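Hi there,

Here is the structure I promised to pass on to you. Have a look at it first, and then read my notes below with the model open beside you.

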Amino acid sequence: MNNENFKDLLPLVSKPSRYLGTEVNSIHKDLDKVDIKIALAFPDVYEVGMSHQGLHILYHILNSFPYVAAERAYAPWLDMEKLLRERGLPLSSLESNIPLREFDILGFSLQYDLCYTNMLNMMDLADIPLRASERDGTFPLVIAGGPCVFNPEPVAEFLDAVLIGDGEEALPEIVETYRNWKLSGCEGGKLGLLRTLATIKGVYVPSFFDVSYKDDGTVKEIRPKYDDYPKVEKRIVGDLNTVPYPDKPIVPFMQIVHDRVNLEVTRGCTRGCRFCQAGMIYRPTRERTPEKLQEIAEKALRSTGYEDLSLLSLSTGDYSCISDLLANLMDRYSDEKIAISLPSMRVDTMSPELISEIKRVRKTGFTMAPEAGSERLREVINKGITEEDLLNSVRQVFEAGWDSVKLYFMIGLPTETDDDIVAIADMAGKAMKICRQLRGKSATASVATFVPKPHTPFQWEPQMRIDETRRRHDILKRELKKNRVTFKWHEPAMSELEGVFARGDRRLSKVIARAFELGCRFDGWGEIFRYDLWQRAFDECGVVPSFYLRKRGFEETLPWDHIDSGVSKKYQVLEAKRSYENVFTPDCRYDDCTGCGLCDFKTIKNRIGEGDVTRRPKPLLKPKPNLAVRRIRLTYSKLEEARLLGHLELASVFSRAVRRAGIPVRYSSGFHPAPRIIFSPPISLGMESMEEFADIEIEGYISCTEIKDRLNLELPKGIKITETGDIEMGLPAVTSAVTKADYEIKWPVVGGQGSAVLRDFMGKDSFLFKKERTGREYDIRPLIERLEAADNKIGMTIKAGKEGGIKPGELVQTLLGLNDEETKLLRIMKTRTYL
């Protein structure tokens, strides 16, 4: 393996903070003192994977065991993959930067069908054979979980084992089984390990089943190799209050998709929407108690410094204590400018009281999901909401002060006609009319193509093809334009590929492998997706995609029939037939059992309304004392890995450190209050600095020494407060106070001709420099006060330019003729800043 320091190469890639692994609350164990190393791998880019709460839960649970080290790995972005391959470096974990090949277990979270090529790419970059049959016990055990594995057959060839269902209890059992096998000297080899793993409820070993096919291409038989392993039952955590939940989640440096404390209030949903796979596979409905939620929220907010708290559920408004829970949380945190959002709300659960509570700190955006435009089609899918419900909610949102709403629809649902398509535009137009009446800004209709999913009543339905999807898009574009409604849609080719994998079988493994070989990556990213390469892969493998998009008969053996989600096939057939008759199925958490077959009514059952959510008395509105406002100037250093943080990331790091430290910072006013922290002008990404500044406004008295000590306990490695002091409120902001700065650049070959070039520059009266980004040309010679070379270093002093400045790297690149890569790899230190 190339021993080149991986992190020294990070200035060459976009968003290097993706790869640092030193975030607040990340866990770094001594790997020599653990028995088992498990890499939790997410086959998408860091900012997507870090937003997935399941990974945080498992990371927290596994690292609670002293003999286990759980570390993270994400799909490297294209520039990082290119760098790894060019330098011969393996894909490694974030925390310890050791190759994934050296872990005992490699566990993938498969949340989206279009991440399969990323999974293969991560394995290939780690020098791990792709197919399970090619891996013996010397390679990591490759396992997977997540919603996609409820039909794992398209990726069955690549996985040693699969976990179906909840992981909080099952994954520690898998790790313990592996540990015992390892400590026994790997008794029985890999087969012996897999045989033992198969005894754990929820574990599926694909190699223990043989699949045969009929002449028409449909599945003939799924035959188990062992009589004691006929099928796989979903693993269910009966009571969420009995399993751990992370109260010290990792805080990323960069902004991620869901950058906040995520608090799962409920798992599962029994509303019974017939298209919704999550509503079927995550049953039953299990609520965490209000007491538990408030306890987790308090600890998580204190340990992270986040300014946002999100209450997660498939339908948060259905949480039985939502009104009082939300009011308690808002009463507790609104003065701290912490916003609370409910990202998944059914329109029939949005009350004026809930909307009023949410807006108390900042308006966090509203998305509503009517799913279908017509009343008839909503009856088909068992949505259970009316147009009146939706428009009343839209009105309430705009009356409460929001200026935009987003309406989410699907097209291609069973029995849909063009009239149903037009009904989408009609409903969105009515929402836009309310928007204009109440002086809102916009209404957006976001449309996705319906993809039939396994284990749902619609798993037998056909999927609409690309040409028909585009025809219906054209109808929507024409109709929505009449009402000035913004139209957004999902790429039809991506939806078609998703549909192929969703209901595919093992014959697709060779297609996925071939598409990976052809260069497919990040297939869920529209700007990268290459449908032409996928078509070529299907052609070369002799597989016809349309075969997997067709309508199927109830009697057909489905590729996932040996995976038991708990909801019986008989019930799914009944629900499919009821959809054709527009018959409504009630929610079993409020009505009688609907007979899905999941619950044993002992440990597996709906858990609703347990615990106490006594509404705390609302705090008396006391006038705030007129606290003295002070401006404190912080002097800090930014060294080592912190040099790879961009300016916005640095601002986020300070903002959250201030919260964790309990500094009484002053906030801006308005709908989006922010801490009043002003930084000196940003330095280039990759540059270190001994002396940077930030002005922070605080209310009340706290000594400068205490501010310094508190912040240094909370700031990440590489950032350290060196001085603090009061400054007058009327003085210019630090952003405009910098006059010049000293820099030092390590450069081992500045002798001879290089030194002469620098001396020649200083001897000139002028030197025109053209800014590459703007194309603007100006004289930089007056800005360079000092430029000299000594002891394999370049020293310089650069003045702040009013008309235009120059960065140290740009100056050296221009004078010494460096290429872009050499310039990015320069180790530049700002040694002094003059105010």
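The largest cavity has a volume of about 150 Å³. A cavity here is a set of points on a 1 Å grid over the protein atoms alone where a 1.4 Å probe fits but cannot get out. Grid points are joined across faces, edges and corners, and a volume is the space filled by probe spheres set on the points. Searching the whole structure turns up 11 cavities of 30 Å³ or more.

Before going on, please note that this is a predicted model, in which local features need pLDDT of at least 70 and side-chain atom pairs count only at pLDDT 80 or more, while totals for chains, interfaces and linings use all residues. Residues are numbered from 1 along each chain as its sequence is written, and side-chain values use heavy atoms, with hydrogens and water left out.

Back to the largest cavity: 15 residues line it, and Phe6, Tyr19, Leu91, Ser92 and Leu94 are the ones nearest its centre. Lining residues have an atom within 4 Å of a point. Strand 2 (68-74) and helix 3 (78-87) are the elements that give two or more residues to this lining. Helices (H or I, at least four residues) and strands (E, at least two) are DSSP runs, numbered from the N terminus. Sorted by class, the lining has 11 nonpolar, three polar and one charged residues. Ala, Val, Leu, Ile, Met, Phe, Trp, Tyr, Cys and Pro count as nonpolar, Asp, Glu, Lys and Arg as charged, and the others, Gly among them, as polar.

Next comes the second largest pocket, which holds about 1000 Å³ of space. A pocket is an open set of points with protein on both sides within 12 Å along at least five of seven lines. Its lining has 27 residues, with Ser684, Lys807, Glu810, Thr823 and Lys824 nearest the centre. Which helix gives the most to the lining of this pocket? It is helix 22, with four residues. The lining divides into nine nonpolar, eight polar and 10 charged residues.

Now for some helix packing. Two packed helices are described by the angle between their axes and the distance between the axes. Axes are lines fitted to C-alpha atoms, for helices over the stretch in contact, and angles run from 0 to 180 degrees between N-to-C directions. Helix 4 (residues 116-125) and helix 16 (residues 509-518) pack at about 65°, with axes 9 Å apart. That makes helix 4 roughly perpendicular to helix 16 (65 to 115 degrees; under 35 is roughly parallel, over 145 roughly antiparallel and the rest oblique). Tyr116, Thr117, Leu120, Asn121 and Asp124 of helix 4 make the contact with Ile512, Ala513, Ala515 and Phe516 of helix 16, where contact means heavy atoms within 4.5 Å. These residues comprise six nonpolar, two polar and one charged.

In a second pair, the axes of helix 14 (residues 466-482) and helix 15 (residues 492-502) come within 9 Å and cross at roughly 140°. Helix 14 is therefore oblique to helix 15. Among the residues in contact are Arg470 of helix 14 and Glu496 of helix 15.

Finally, two backbone details. Most residues other than glycine have a negative phi, and most peptide bonds are trans. Arginine 283 and proline 284 are joined by a cis peptide bond, with omega about -5°. Arginine 439 is not a glycine, yet has a positive phi of about 60°; look for arginine 439 in the loop between helix 13 (418-437) and strand 17 (442-449).

Happy exploring!
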